[in-house]
Amino acid sequence: MANYFNTLPLRMQLAELAKCRFMHLNEFTEGVDALKGKKMVVIGCGAQGLNQGLNLRDSGLDVSYALRDAAISEQRQSWKNATENGFTVGTYDELLPTADVVLNLTPDKQHTNVVNTIMPMMKQGACLSYSHGFNIVEEGMQVRDDITVIMVAPKCPGSEVRAEYVRGFGVPTLIAVHEDNDPNGEGLAMAKAYAVGTGGHKAGVLMSSFVAEVKSDLMGEQTILCGMLQTGSLLCFDKMIEEGIDAGYASKLIQYGWETVTEALKYGGVTNMMDRLSNPAKIRAFDLAEQMKDIMRPLYEKHQDDIMTGAFSSGMMADWANDDAKLLGWRADTAQTAFEKTEAGDVEISEQEYFDNGILMVAMVKAGVELAFETMTAAGIIADSAYYESLHETPLIANTIARKKLYEMNATISDTAEYGCYLYNHACVPLLADFMAGVKSDVIGKGLELDDTGVDNARLIEVNAAIRNHPVEEIGGILRGHMADMKRIV
Amino acid sequence: MPTLDELSVDFDGRFQLNNINWTIAPGQHWLIAGANGSGKSALAAVLAGEGDRLSGTVSGLPGNVALVSYERQAELIAAELRKDDADILDVISEGTPVAEIIADVCLDAELAQTLVATLGLESLMDRAFRKLSTGETRKVMLVRALTSRPELLVLDEPFDGLDHDSLNWLQDYLAKLAETTPMVIVLNRFDECPDFITHVAYVEHGQLLQQVNRTDEGAFGELHQLLHLKTSEREIPMADPAIELPPLNPDEPLVQMTGVTVRYTDNTVFENLSWTIEPNRHWQVSGPNGSGKTCLLSLITGDHPQCYVNNIKVFGFQRGTGESIWQIKQYIGYVSTALQWEYRVGTGLRNVIISGFFDSIGLYTTSTDTQKAIADKWLDVLGMSGWADEPFNRLSFGEQRLALIARAMVKHPPLLILDEPCLGLDDMNRQLVLALIERICLSGETTVLYVNHRLEDSIQGIDDHLVLG
């Protein structure tokens, strides 16, 4: 199989990359009608598989689970998940030949195997749905011509997909139709109905393409979302220990700090996050971020280039073929880092203190978000996609670190994201070594502790303007505005 | 000091006070509060020796207890009228003049003169007591009580029917008198509670349920709210006329479960359970922990996934035939501790109540002015007017529970499910919640399904009982 993206002519590559449109709620008035009465069969009963299935069934759709013979006969966890939740469970042979829609919710790594197995069993004119486009775009999976191929990708972990639905809301969801596989032109209607079935339409749906989803998703998760937070956690912790800060305090400041500072990001972008700092601290964070952006830019560009050429995915697939040797080794290394092994201390840290004593962390978030956004848009990904895959998702990943540090983050994200995260981390830690040698506890751990918080007016105006006029802030303002009438009022 | 110990008292077979334990320590001034008919006047009257003791003891009452109450007032007038009846001579009796009525018990003539002047009774002194207006009679009763040098002054609704000037004067006078004389005051309107009151006794169904020290601001505030719920005449706000539920067949049960079983790989919660809930038949469900009460309810609400593999029909929908849970939830109001744990939002109280229209946790759509107005009326019923924008997660646990009950009721659902609505609440908040539910049950159009295992939390109007376990 050849990398699908690389088979496209440049003009189509650019056209596909540029697809991303925020859909209006009134585009979903037909609800789940397009899937009503259709037999939907889920493959993969993990967090996404189970929770999407629960939502779809609660929306009035017919959902059952196809499991491997062994999973059924040995009553494995996936069998338990499905049966205890009252779903019909059957073997591939039993369920797939009559399925109208097959939801492939297995891990990326298994896609080629799964799709090759199920394709011959699927009936004429059925629909195959993905939650991630890696298999189509990077591995070049060729799906039978009569089969409609769509993607519905909730932009949250499976547990959130369910929790938000039960609350009467949903999670932001990306949908796409694989143009090469839309024989009856009904792919979009089905993708929309699917998004309604999981509740995604209430939280906002992005109409994108398989290509744009894969190339922006990979870039975001490797760099700012997971990579930057992992590298930042390790560097900031080691720096604080070196500066004599209490280890428990340092551990807590980082574990919960990402969540706290990115919460400000979620509500009002980089501008609001920076505004949470005092004037002198803001200027300091700005300067640190500028330095880091200069240092890290080649790394971000390399990640984006490798993603675009397919070098990243072929590297990862080689590791898959090698029993995940690299991934598992890096995962074990992460577990042995000082930050990971130091429990958060039993100290009170106020919400504001996370900003005041975490200036460097704020600077890292700013640098990472802006760089990822700049690099993605320079590569032809349009601003809307770039915004969602950088700034928008950062708080979601930060939440997972707050739960159980890097372990939880890496356990929650896909293997693909985790692999990319480690790649980034291994390059970024040495890259920032000289920079880190120059910072002290005033920007991480203690705060500036100034008697005089005065600043130069001209300098402050200049810094504020630079923050506010960054393109990620421009598109962020528009998209957050779009979502205003559908975002939670909580 | 006056002490009532396990005291039960009968009042002419019409009313009973039961198991009252109460001590009025030196320096304390009490307010007795409660709804109409709760027994607050009876409790006050017991201090003045009224009623027939059934059991328990009263001790430490001073010799001279003065009581001003409608009952005393009525008795005195009745006695005057009897004098008339007794007079068989064919002359028109003038009755006892006011001056004599006062002098009868007066121990301080000088004070009497001052009071008569201050209350504007001078011109009435020669008038027959029984010919006075209610307000005037009430003033005379006050003069009698105040001039009798009482060692304990018991005033049942002393401010009722007084004109503005007299009211102000009396309040000032009582405030001064409080420095020397212990007082017990009965008031319907909690807002009128004088500043010198140190303690509040809350009476309900002939029992003294709460004794609150005024310095305990939290408890005092909750009591205030409870009285508001019990005594206000505010109607339950209407549903939103713009939201029309698809009508239910009135002859069909709301819920019909046939041979229902919930089973996990390693245990069975219950087996082969059949249950029908007809409209307007309120049910109480009880059973020990783990007997499956919550599980049973979630089969109805659609929150339990095994509702799809059982024979369950709710609101006309046979489960598992292509209906969505939102079609079912639209007919249900639901409150449970689990919901309260889930409901961790910083949104304002008004939005929380409005979210009941949409069956959502948090509010995700814009609400109409009508919906806002309805929510504000609910806040008024709850005694939380002016709290509309108060962040929900900053309310006390009990206040949150009340708001969630209002949220469940805001759309007037055909079925209201209350899963242990009093769980985790202190006594006072429990009274509050029960008072609210009782009002809802009495309102008629909602069938209530009430789960609890505390017998004392029973609700009037719930007759059917399902016991699990």
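Start with helix H22 of chain A: its buried residues include Thr416(A), Ala417(A), Glu418(A), Tyr419(A) and Gly420(A). Keep in mind that this is a predicted model.

**Helix H22 of chain A**
- H22 covers residues 415-431, so to speak a run of 17 residues.
- From first C-alpha to last, H22 reaches 24 Å, close to the 24 Å expected at 1.5 Å a residue.
- Further along H22(A), Cys421(A), Tyr422(A), Tyr424(A), Asn425(A) and Cys428(A) are buried too.
- What hides these buried residues? The cover includes helices H8 (134-137), H12 (210-242), H14 (279-309), H15 (311-321), H16 (325-335) and H21 (394-412) of chain A.

**Ser131(A) and its neighbours**
- You'll find Ser131(A) in the loop that links strand E6 (127-130) to H8 of chain A.
- Its side chain makes a polar contact with the side chain of Gln52(A), at 3.3 Å.
- The side chain of Ser131(A) also gets to the backbone oxygen of Val152(A), at 2.9 Å.
- Leaving out residues up to four places away in sequence, Ser131(A) touches several others, among them Asn104(A), Leu105(A), Met151(A) and Pro154(A).

**Where chains A and B meet**
- Here 22 residues of chain A are in contact with 23 residues of chain B.
- Together the two chains bury about 1900 Å², with 56% of it on carbon and sulfur atoms.
- Nine residue pairs are in polar contact between the chains (both at pLDDT 80 or more), while the salt bridge count is zero.

Note on methods. Residues numbered from 1 in each chain as written. Chains lettered and ligands numbered in written order. Predicted model: local features only at pLDDT ≥ 70, side-chain atom pairs only at ≥ 80, totals over all residues. Heavy atoms only, no water. Contact = heavy atoms within 4.5 Å. Buried area = accessible area lost by both parts, 1.4 Å probe. Salt bridge = Lys/Arg side-chain N within 4 Å of Asp/Glu carboxyl O. Polar contact = N/O pair within 3.5 Å; in protein donor to acceptor, adjacent residues only side chain to side chain. Helix = DSSP H or I, 4+ residues; strand = E, 2+ residues; numbered from the N terminus. Expected span 1.5 Å × (residues − 1). Buried < 20%, exposed > 50% of the residue type's maximum accessible area, 1.4 Å probe, protein only.
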